[in-house]
Amino acid sequence: MLADPGIIAVVRAKSADQVIPLSEALIAGGVTAIEITMTTPNAIEAIREARQLVGNRALVGVGTVLNTYTCQAAIDAGAEFIVTPICRTEFVPLAKSAGRPIMLGAYTPTEAQTAYEAGADFVKIFPADTLGPAYIKGIRAPLPHLKIVPTGGVDVDNVADFLKAGCFALGVGGSLVSAKILQENNWPELTRRAQVFVNAARAARSA
């Protein structure tokens, strides 16, 4: 589900109550990887509820993990993948012991390789908007073993460029789950946007 269609929705909800309806809206649009960030109020309980209610139709993970306590709490709540924007290698044993894939953050080639050598399943290049697809292509030339997931600045217009540069999947935040959608609880619009992103990703992979 992380690689197909390759769109990971990065969710920074205004309240935990939004998590289930927005998850349903994303699933209806074909996005089946949902990263609930720790910036969401009561994120751990939101993850627990989402796993119970939509976990049979989507992968529910945790994002913006900054310490080992949060990492373990999210795993205990049922998070199916772990994402951190920083290169905290001490998270890897916790994830591995629970059988959960983990994505460590990186910005430079050294950080990316360090994350890989520590046992990270994926490397989150963040923030990707300041680097772009050309950077990904450049970093994968000497480091083709990296499974890179850029986050920050991914939008429907550059989905194809990032995937063609060799990205494993894409972390998509505000251009998908926008502040306006969250403010208005506009779930039909979220489903529409999800469909657009999924279509763009599938078209890029089949081109």
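In these legends, a residue is called buried under 20% relative accessible area, exposed over 50%, and partly exposed in between, using a 1.4 Å probe and protein chains only. This is a predicted model, in which local features need pLDDT of at least 70 and side-chain atom pairs count only at pLDDT 80 or more, while totals for chains, interfaces and linings use all residues. Residues are numbered from 1 along each chain as its sequence is written, and side-chain values use heavy atoms, with hydrogens and water left out.

**View 1. N42 is an exposed residue in the loop between strand 2 and helix 2.** Start with N42, whose relative accessible area of 58% makes it exposed. Helices (H or I, at least four residues) and strands (E, at least two) are DSSP runs, numbered from the N terminus. N42 has a positive phi of about 55 degrees, although it is not a glycine. Most residues other than glycine have a negative phi.

View 2. Helix 2 covers residues 43-54, twelve residues in all, and reaches 16 Å from its first C-alpha to its last. That is close to the 16 Å expected at 1.5 Å a residue, where the expected span is 1.5 Å times one less than the number of residues. Buried here are A43, I44, A46, I47, A50 and V54.

**View 3. Strand 2 is covered on both faces.** Look along strand 2 and you will find A33, E35 and T37 buried on one side, with I34 and I36 buried on the other. Five of its five residues are buried, so strand 2 is largely enclosed by the rest of the structure. Two strands pair if DSSP finds at least two bridges between them. Strand 1 (residues 7-11) pairs with strand 2 in the parallel sense over four bridges, and A9 stands opposite I34. From strand 1 the chain crosses through helix 1 to strand 2 in a right-handed β-α-β crossover. Right-handed means that, with the strands pointing away from the viewer, the path from the first strand over the helix to the second runs clockwise. Strand 2 and strand 3 also run parallel, joined by five bridges, and E35 stands opposite G61 in strand 3. Together, strand 2, helix 2 and strand 3 make a right-handed β-α-β unit.

**View 4. Helix 1 is largely enclosed.** Seven of the ten residues of helix 1 are buried, so the rest of the structure largely encloses it. These are V19, I20, L22, S23, A25, L26 and I27. Among the elements that cover them are strand 1, strand 2, helix 2, helix 8 (179-184) and helix 9. Just after helix 1, G30 takes a positive phi of about 100 degrees.

**View 5. The largest nonpolar core has 67 residues.** A nonpolar core is a set of buried Ala, Val, Leu, Ile, Met, Phe, Trp, Tyr and Cys residues joined through side-chain atoms within 4.5 Å. Inside this one, the residues with the most contacts are L26, I82, L170, L176 and L190. Helix 9 (residues 187-206) gives the most to this core, with eight residues. Apart from it lies another core, of ten residues, including I8, L59, V149 and A169. Not counting residues up to four places away in sequence, L176 touches I7, A9, L26, I181, L190, R193, A194 and F197.

**View 6. V156 sits in the loop between strand 7 (148-150) and helix 7 (159-164).** With a relative accessible area of 33%, V156 is partly exposed. Leaving out residues up to four places away in sequence, V156 touches V196, F197 and A200.

**View 7. Two cis peptide bonds are shown here.** The bond from D4 to P5 is cis, with omega near 10 degrees, and P5 is in the segment before strand 1. The bond from F126 to P127 is also cis, with omega near -10 degrees; P127 lies in the loop between strand 6 (122-125) and helix 6 (133-140). Most peptide bonds are trans.

Notes:
Contact = heavy atoms within 4.5 Å.
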